[in-house]
Amino acid sequence: MNNDVIDTMIDGFKEFRHSYYEKRPDFFDTLVEKGQSPKVMLIGCSDSRVTPTSLYGSEPGDIFVVRNVANLVPPAEQDGHLHGTSAAVDFAVSHLEVEHIIINGHSHCGGMKALLNGTEGKYVGPWVEIARDARSDVMRGYADASPEEQARALEKASILVSLENLLTFDSVRRRVVRGEMQLHGWYFDMEEGALLAYNASAHQFERLA
């Protein structure tokens, strides 16, 4: 077993410690004493190629991040089961009072590929079914398109599903209606190095950066 990657991570932590604890000793003292107060919650994909802190140049304390397979948000449910993403949404909205929630999708998403191809799995299969309606829409609207085009369309359509599901949470809907919080759908195109944002008025994704 090659431990080089572990050694690299330890070296990375040493650099982190030097940057924040040695060069800026008050930085984490403030975060510890005052707690976290991020203005943004980002729900991103677990994909190792899409790291929010790298993409957006954020520092510790800036973004409340939740990552799961295919950056999905399930509808609000109170069935006594364990709901990690839902718990994070409720905590961010009700306790941290974030002002923005970003659903951050990306191209070449393995979770959406699994949904598109009907890949089964004990956990992944049922989870990506959250976006099954988006898959049905894509298969109708892009019936003659290539598998790659269908995948890109599904990746974007699934973001809209998660935005809709966010509004099934009472805490989210209440703060959005009051104008205290905004929801955003972002899409990172890895090949183009582009960031797209969903424009609800135009019903399309448009380049943001």
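Predicted model: local features only at pLDDT ≥ 70, side-chain atom pairs only at ≥ 80, totals over all residues.

Guide: Let us start with Asp170 and Arg173, which form a salt bridge.

Visitor: Why is the pair of Asp170 and Arg173 called a salt bridge?

Guide: The closest N and O atoms are 2.6 Å apart. The cut-off is 4 Å between a side-chain nitrogen of Lys or Arg and a carboxyl oxygen of Asp or Glu. The pair is therefore a salt bridge. Both residues lie in helix α9, three residues apart, about one turn of the helix.

Visitor: Are Asp170 and Arg173 buried or exposed, or what lies in between?

Guide: Asp170 has a relative accessible area of 45%, and Arg173 has 35%. Buried means under 20% and exposed means over 50%. Both values lie in between, so Asp170 and Arg173 are partly exposed.

Visitor: How many salt bridges does the structure hold?

Guide: Seven. One of them joins Glu99 and Lys39, at 3.8 Å from N to O.

Visitor: What makes Glu99 and Lys39 a link between distant parts of the chain?

Guide: They are 60 residues apart. Glu99 sits in the loop between α4 and β3. Lys39 sits in the loop between α2 and β1.

Visitor: What about Glu180 and Arg175?

Guide: Their side chains meet in a salt bridge too, at 3.4 Å from N to O. Glu180 is partly exposed, at 37% relative accessible area.

Visitor: Why is Arg175 called buried?

Guide: Its relative accessible area is 12%. Buried means under 20%. Arg175 is therefore buried.

Visitor: Which residues have the most contacts inside the largest nonpolar core?

Guide: Met41, Ile43, Val89, Ile101, Leu166 and Val172. This core has 22 residues. α4 gives the most, with four residues.

Visitor: What puts residues into a nonpolar core?

Guide: They must be buried and of listed types, Val, Ile, Leu and Met among them, and joined through side-chain atoms within 4.5 Å. In soluble globular proteins, nonpolar side chains tend to be buried together.

Visitor: Which residues does Val172 touch, leaving aside its neighbours within four places in sequence?

Guide: Val172 is in contact with Val89, Val93, Ile101, Leu166, Leu167, Met181 and Leu183. There is also a second, separate core of 17 residues, which includes Leu115, Leu116, Val128 and Ala131.

Visitor: What makes β3 mostly covered?

Guide: Six of its seven residues are buried.

Visitor: How do you know that β3 pairs with β1 and β4?

Guide: Pairing needs at least two bridges. Five bridges join β1 to β3, and seven join β3 to β4. Both counts meet the cut-off, so β3 pairs with β1 and with β4. β1 and β3 run parallel, and so do β3 and β4. As examples, Val40 has His100 in β3 as its bridge partner, and Ile101 has Leu183 in β4.

Visitor: Which residues make the nonpolar surface patch of about 390 Å²?

Guide: Val5, Ile6, Met9 and Ile10. Val5 lies in helix α1.

Visitor: Why does Val5 count as exposed?

Guide: Its relative accessibility is 51%. Exposed means over 50%. Val5 is therefore exposed.

Definitions and conventions:
Residues numbered from 1 in each chain as written. Heavy atoms only, no water. Helix = DSSP H or I, 4+ residues; strand = E, 2+ residues; numbered from the N terminus. Buried < 20%, exposed > 50% of the residue type's maximum accessible area, 1.4 Å probe, protein only. Contact = heavy atoms within 4.5 Å. Patch = residues over 30% accessible without salt bridge, like charges linked within 9 Å, V, L, I, M, F, W, Y side chains within 5 Å. Areas by Shrake-Rupley, 256 points an atom, 1.4 Å probe, with all protein chains shown as cover.
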